[in-house]
Amino acid sequence: MPSTPPALIAVIGPVEPPLLTAWARHYRWLGIERFLIAFHFPDHVPAAQRHELQAACRALGIIPTGTSTGPWHEHTNTQLRDALRHRAGPGWHLLADADEFQQYPSPLKEVIAQAEKSGNPVVGGLMLDRVAASGCLTGWRPEGGLDLAYPLGGHLTHRLLHGDPRKIVLARHDVTVSSGNHRAPGHRPDTDHICAVHHFKWRSGVLDDLRRRVQHFTSGTWQEHTPAVRDEAGRLLAHVGRHSGVINTSDPRFAFRRVSLDRMPFSWPSEARSIFSAWRPHAHSGQD
């Protein structure tokens with residue numbers, strides 16, 4: 001087994017400090033000891049908000065590796081992430097955004113040992129989108145926790161947004177990972193060992209973020225390589241526009257049900273294997 005846990009690599013935007021605190025505690029509980037974090041703040045984020053988040057990070061005993069500001073081009077995250085990976089050096093890297101809470105069926109060291117035994121330099125994950133029971137894009141109270149505020153988990157990313165729900169959650173240092181951590185060209189994760197990536201994106205403020213993203217990518221203020229990210233944002237905005245500002249949690253396509261960070265969802269291995277293996281890029285139609 002590896003003698004040291006993987007280094008956690010993350011590029012973090014202007015999230016609320018309690019989310020960063022919950023995120024760091026979650027990964028420490030998984031056994032992470034080394035955090036390499038870079039902050040990136042778009043121009044609209046006030047200086048006071050930036051300083052508050054940086055202070056919260058240091059209060060957790062984590063010294064940010066770097067902070068940058070300016071447009072959030074599609075390539076920005078990838079460049080910052082790869083610089084962090086280079087700094088992390090040899091070994092395994094755990095890749096997670098600040099709204100992604102990974103859940104494994106066994107301890108992290110065992111997961112990595114299994115991958116090494118099979119000769120696979122990557123481990124895959126699948127997004128499980130977490131939403132409020134009402135479907136409202138609401139805030140949360142730190143004392144109650146994320147599970148209480150967003151008790152439902154389902155497949156919003158690929159069944160509504162037509163986005164890629166697959167993630168590379170662990171990669172050896174010498175493996176190249178694509179934008180968004182969705183793929184590792186030349187390597188295929190073991191579909192029998194897919195981790196659940198609890199995705200707490202659908203919180204208060206996300207609609208403004210999505211509108212801003214559409215505006216900046218459409219105008220060219222933020223550079224994009226394909227319209228995929230903008231299209232995904234547009235689909236979510238259109239959906240909530242049709243449903244009085246909320247996510248329709250009763251739509252059977254999304255398979256929302258109660259889940260928890262304490263226990264893997266029932267039948268997760270077969271569910272994740274099926275989605276991970278069958279997923280293909282969306283074919284656009286006039287009915288989107």
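Visitor: How many aromatic pairs does the structure hold?
Guide: This predicted model holds 7 aromatic pairs.

Visitor: How is the pair of Phe39 and Phe41 arranged, stacked or edge-to-face?
Guide: Planes under 30 degrees apart count as stacked, and those over 60 as edge-to-face. Phe39 and Phe41 have 15° between their planes and 5.6 Å from centre to centre, and the pair is stacked.

Visitor: Is Phe39 buried or exposed?
Guide: Buried means under 20% relative accessible area. Phe39 has 1%, so Phe39 is buried. Phe41, its partner in the pair, has a relative accessible area of 0% and is buried as well.

Visitor: What kind of pair do Phe101 and Phe200 form?
Guide: An edge-to-face pair, with 80° between the planes and a centre-to-centre distance of 5.2 Å.

Visitor: Where in the chain do Phe101 and Phe200 lie?
Guide: Phe101 is in strand β5, residues 100–103, while Phe200 sits in the loop between β9 (195–199) and α7 (206–219). The two are 99 residues apart, and the pair links distant parts of the chain. Phe101 is buried at 1% relative accessible area, and Phe200 is also buried, at 1%.

Visitor: Which residues do ring pairs link into a cluster?
Guide: Trp23, Tyr27 and Phe35.

Visitor: Why does Thr76 count as buried?
Guide: The cut-off is under 20% relative accessible area, and Thr76 counts as buried because its value is 10%. With neighbours within four places in sequence left aside, Thr76 is in contact with His40 and Pro71.

Terms used. Residues numbered from 1 in each chain as written. Predicted model: local features only at pLDDT ≥ 70, side-chain atom pairs only at ≥ 80, totals over all residues. Heavy atoms only, no water. Buried < 20%, exposed > 50% of the residue type's maximum accessible area, 1.4 Å probe, protein only. Contact = heavy atoms within 4.5 Å. Phe/Tyr/Trp six-rings, centres within 6.5 Å; stacked < 30°, edge-to-face > 60°. Helix = DSSP H or I, 4+ residues; strand = E, 2+ residues; numbered from the N terminus.
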